[in-house]
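Subject: The structure you asked to look through

Hi,

Here is the structure for you to open alongside this email. Have a look at it first, then read on.

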Amino acid sequence: AFSFFAGIVLVSFYVASSALFLSTYGSGTIPWVYIASAFVATIAGAIYYRVERRWEAYRLLSGTLFFILVSIVVLRMGLTATDRPWPAFVLLTWFPVISGLMTVVLWTLAGSIFDVRQGKRLFGLVGGGELLASVLGGALTPLLVAELGTANLLLISAGGVVGCFVTLSVTVRFTTPTQVTHKTKARTEETGTRIRFRDLLRSPYIRAIFTVYFVGTTTYQL
């Protein structure tokens, strides 16, 4: 259910942001969106990393969802507040941040609940919710746009975040998610060492994951 609502958030936001951007700027400006998104997403990731080290699991997940909800509402208000074209640019630039944070919240929650053996059986089912939302959201988009307008798809996206809040609250009633990062932090504090970025780059395993993700993302974007 959480995965399904996360999919609703992403498909609604993406349809609205891409349609508004293309109708405002055309396709020639898309490269600038990718460049801006790279900087914005990197900054957001760095902030999330710092917050993650200080907040306990439920507070981090719920706080991230609240941040996503506020950002969507503010962007929708920005479209109403001005006739200038810049909100359409900001919307599409912000989508990778929304997508990245929703992915982190979803799989942090799933990874903290299931062990490796359970995950191998159930992660396909968990991820299937997002795929179902993409199918239904895509099929219903023409009807929703005709009834609500393109900009108001952002309100459906915000509703998806509320659905994530509800399912998160239900989930944590039956379990106590413990983030791996918190365990790692405790171990490093016990040993008096700190994991540095250049230490990660020395790991062939980390470099291999980076390469696979880099090639996959490049292919997807092209």
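Predicted model: local features only at pLDDT ≥ 70, side-chain atom pairs only at ≥ 80, totals over all residues.

Residues are numbered from 1 along each chain as its sequence is written, and side-chain values use heavy atoms, with hydrogens and water left out.

Let's start with α1 (residues 2-25) and α6 (residues 153-174), whose axes come within 8 Å and cross at roughly 165°. Helices here are DSSP runs of H or I with at least four residues, numbered from the N terminus; axes are lines fitted to C-alpha atoms over the stretch in contact, with angles from 0 to 180 degrees between N-to-C directions. That makes α1 and α6 roughly antiparallel (over 145 degrees). On the α1 side the contact includes F2, F5 and F13, and on the α6 side it includes L153, G160 and L168 (contact means heavy atoms within 4.5 Å). The residues of this contact split into 14 nonpolar, five polar and no charged (Ala, Val, Leu, Ile, Met, Phe, Trp, Tyr, Cys and Pro count as nonpolar, Asp, Glu, Lys and Arg as charged, the others, Gly among them, as polar).

Next, α4 (residues 86-113) packs on α5 (residues 116-148) at about 150°, with the axes 11 Å apart. So α4 and α5 are roughly antiparallel as well. Among the residues that meet are L106 and W107 from α4, and F123 and V126 from α5. This contact divides into six nonpolar, three polar and one charged.

Which residues touch the most other members of the largest nonpolar core? They are F2, F13, L65, I72, I98 and M102, out of 34 residues (such a core is a set of buried Ala, Val, Leu, Ile, Met, Phe, Trp, Tyr and Cys residues joined through side-chain atoms within 4.5 Å; buried means under 20% relative accessible area, exposed over 50%, partly exposed in between, with a 1.4 Å probe and protein chains only). α4 gives the largest share of this core, eleven residues. Leaving aside neighbours within four places in sequence, I98 is in contact with V9, L10, F13, I68, S71 and I72.

Finally, A208 lies in α9 (residues 204-221). A208 counts as partly exposed because its relative accessibility is 41%. Its C-alpha atom is separated by 32 Å from that of I8, 200 residues apart along the chain.

Cheers

Conventions: Helix = DSSP H or I, 4+ residues; strand = E, 2+ residues; numbered from the N terminus. Parallel < 35°, antiparallel > 145°, perpendicular 65-115°, else oblique.
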